[in-house]
Amino acid sequence: MRDPTGAELLLLARVLLPFPAQVRSAAAACILAEVDEADLLLRFQGIVHPVFGDGSLMVRCLRLSPPAEPMAADPDFLAAMIAACHVLLHHSKR
């Protein structure tokens, strides 16, 4: 997976919003694994994954139709952002 930007992190949090709080981390980990798979496919075979995109977190999240961005003080959005940050932090350490 390419290094994600702040905008991609925000988008991941939006994608996680519809998920129940207790499964957000697992959903985020699954999304990052899909991005990794797409990135490998593009790098080694030169083709874009038909479902997961081009190996960028942005494309994968956009294909998941994220809900509109809520206000930053929305507690549920902040919890989704924390889950996204936590999973991305641990994914980056691999």
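Start by selecting Ser 65: at 58% relative accessibility, it counts as exposed (over 50% relative accessible area; buried is under 20%, partly exposed in between, with a 1.4 Å probe and protein chains only). Ser 65 is found in the loop between α3 (57–63) and α4 (75–92). Helices here are DSSP runs of H or I with at least four residues, strands are runs of E with at least two, and both are numbered from the N terminus. Check the backbone at this stop. Ser 65 has a positive phi of about 50°, although this residue is not a glycine. Most residues other than glycine have a negative phi.

A word on what is on screen. This is a predicted model, where local features need pLDDT of at least 70 and side-chain atom pairs count only at pLDDT 80 or more, while totals for chains, interfaces and linings use all residues. Residues are numbered from 1 along each chain as its sequence is written, and side-chain values use heavy atoms, with hydrogens and water left out.

**Whole chain**

Zoom out. The protein has four helices and zero strands. From the N terminus, the order is α-α-α-α. The C-alpha trace spans about 40 × 25 × 20 Å along its principal axes. Of the 94 residues, 39% count as buried. Now think about contacts, meaning heavy atoms within 4.5 Å. Among contacts between residues at least 6 apart in sequence, 66% join residues at least 24 apart.

**Helix α1 and its partner**

Select residues 6–16, helix α1. Eight of its eleven residues are buried, so α1 is largely enclosed by the rest of the structure. Among them are Glu 8, Leu 9, Arg 14 and Leu 16.

Axes are lines fitted to C-alpha atoms, for helices over the stretch in contact, and angles run from 0 to 180 degrees between N-to-C directions. The two helices are therefore oblique to each other. Angles under 35 degrees count as roughly parallel, over 145 as roughly antiparallel, 65 to 115 as roughly perpendicular and the rest as oblique.

Show side chains at the meeting place. From α1 come Leu 12, Val 15 and Leu 16; from α2 come Arg 24, Ala 27, Ala 28 and Ile 31. These contact residues divide into six nonpolar, no polar and one charged. Ala, Val, Leu, Ile, Met, Phe, Trp, Tyr, Cys and Pro count as nonpolar, Asp, Glu, Lys and Arg as charged, and the others, Gly among them, as polar.

Select Ser 56, in the loop between α2 and α3. Is Ser 56 buried or exposed? Ser 56 is buried, with a relative accessible area of 8%. Leaving aside residues up to four places away in sequence, Ser 56 touches Arg 2, Glu 8 and Val 35.

Go to Arg 43 in helix α2. Arg 43 is exposed, at 54% relative accessible area. Asp 54 is eleven residues from Arg 43 in sequence and 9.3 Å away in space, C-alpha to C-alpha.

Finish at Ala 79 in helix α4. With 35% relative accessibility, Ala 79 counts as partly exposed. Ala 79 and Leu 16 are 63 residues apart in sequence, yet 9.5 Å apart in space, C-alpha to C-alpha.
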